[in-house]
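Good morning. I will go through one structure, part by part. Please keep the sequence and the picture in view.

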Amino acid sequence: MDLKEIITGRRSVRAYEDRPLAEETIRELINLGINAPSGSNMQPWSFVVIEDKKFMLEWSDKTKEVLLGQVETNKYLQQYKAVFENKSFNIFYGAPCLLLIYGNTSSPNHVFDCSMVAQTIMLAAFEKGLGSCWIGFAMTLGNSPQIKEKLGVPEQYRLVAPLVLGYPRGTWPPIPRKEPVIFTWMR
Ligand SMILES: Cc1cc2nc3c(=O)[nH]c(=O)nc-3n(C[C@H](O)[C@H](O)[C@H](O)COP(=O)(O)O)c2cc1C
């Protein structure tokens, strides 16, 4: 696969085989991800790897409960009401691996830096025949003191990018992109 095929072929995958990833695969993806640039070269990222599906399911159920409680007051969340009410919906889609990228808030650029690590990992995963999906819903609990303590995350770190990874089930068609708007092209 050339770079263009990797960039255009990556999709958010929302169904996974019940097959774990090799530890060395996860380590390799992290090691590729950290080649991303970072503001002032601070490299403010750290990682949590979760392969405990029971823990992920509990996290998912709790997230749906919390978000359902916010649906009435949060206009954005209203579109997801039926999803949160669906008992069988798992925000992590049954993936075998949840990779959390936490950023050190002492760097003013930690959100940008960690986001670039995330995209690099998702592209590298695709090149290896793996699926990935950024799970924004995981932000709901990922910064809670209870979860951070359980996962050994220091206080000054904030969750930026929760990614699921695994072997995809099915094929995932391309999602059309809007025409890019170029406000100005000054010459
Ligand atoms: C910040 C962010 C949060 C996202 N959160 C979720 C999520 O919680 N659940 C999900 O299924 N997809 C999530 N996605 C994936 C997007 O829905 C997806 O990227 C978009 O629909 C385009 O599809 P593609 O990734 O296949 O190109 C998220 C993506 C980003 C960048």
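**Cores, cysteines and the ligand**

The largest nonpolar core has 29 residues, and those touching the most other members are Ile50, Trp59, Phe92, Leu100, Tyr102 and Leu151. By a nonpolar core I mean a set of buried Ala, Val, Leu, Ile, Met, Phe, Trp, Tyr and Cys residues joined through side-chain atoms within 4.5 Å. Buried means under 20% relative accessible area, exposed over 50%, and partly exposed in between, with a 1.4 Å probe and protein chains only.

At least two residues of this core come from each of strand S1 (45–50), helix H3 (53–68), strand S2 (97–104) and strand S4 (157–166). Helices (H or I, at least four residues) and strands (E, at least two) are DSSP runs, numbered from the N terminus. H3 gives the largest share, four residues. Another core lies apart from this one; it has 21 residues, including Leu21, Ile30, Leu99 and Ile101.

A word on where this comes from. This is a predicted model, in which local features need pLDDT of at least 70 and side-chain atom pairs count only at pLDDT 80 or more, while totals for chains, interfaces and linings use all residues. Residues are numbered from 1 along each chain as its sequence is written, and side-chain values use heavy atoms, with hydrogens and water left out.

Staying in helix H3, we find threonine 63. Is threonine 63 buried or exposed? Threonine 63 is buried, at 0% relative accessible area. A polar atom of its side chain lies 2.8 Å from the backbone oxygen of tryptophan 59. That is a polar contact: a pair of N or O atoms within 3.5 Å, where within protein one must be able to donate a hydrogen and the other to accept it, and residues adjacent in sequence count only if both atoms are side-chain atoms.

Now the cysteines. With a disulfide taken as a pair of cysteine sulfur atoms within 2.5 Å, the count is zero. For cysteine 114, the nearest cysteine sulfur is that of cysteine 97, 17 Å away. Cysteine 114 is buried, at 0% relative accessibility. Cysteine 133 is in no disulfide either, with the sulfur of cysteine 97 nearest at 13 Å. Cysteine 133 is also buried, at 3%.

Last, the ligand. Oxygen atoms of the ligand lie 3.0 Å from a polar side-chain atom of arginine 10 and 2.5 Å from one of tyrosine 93. For phenylalanine 137, a polar backbone atom is 3.1 Å from a ligand oxygen.
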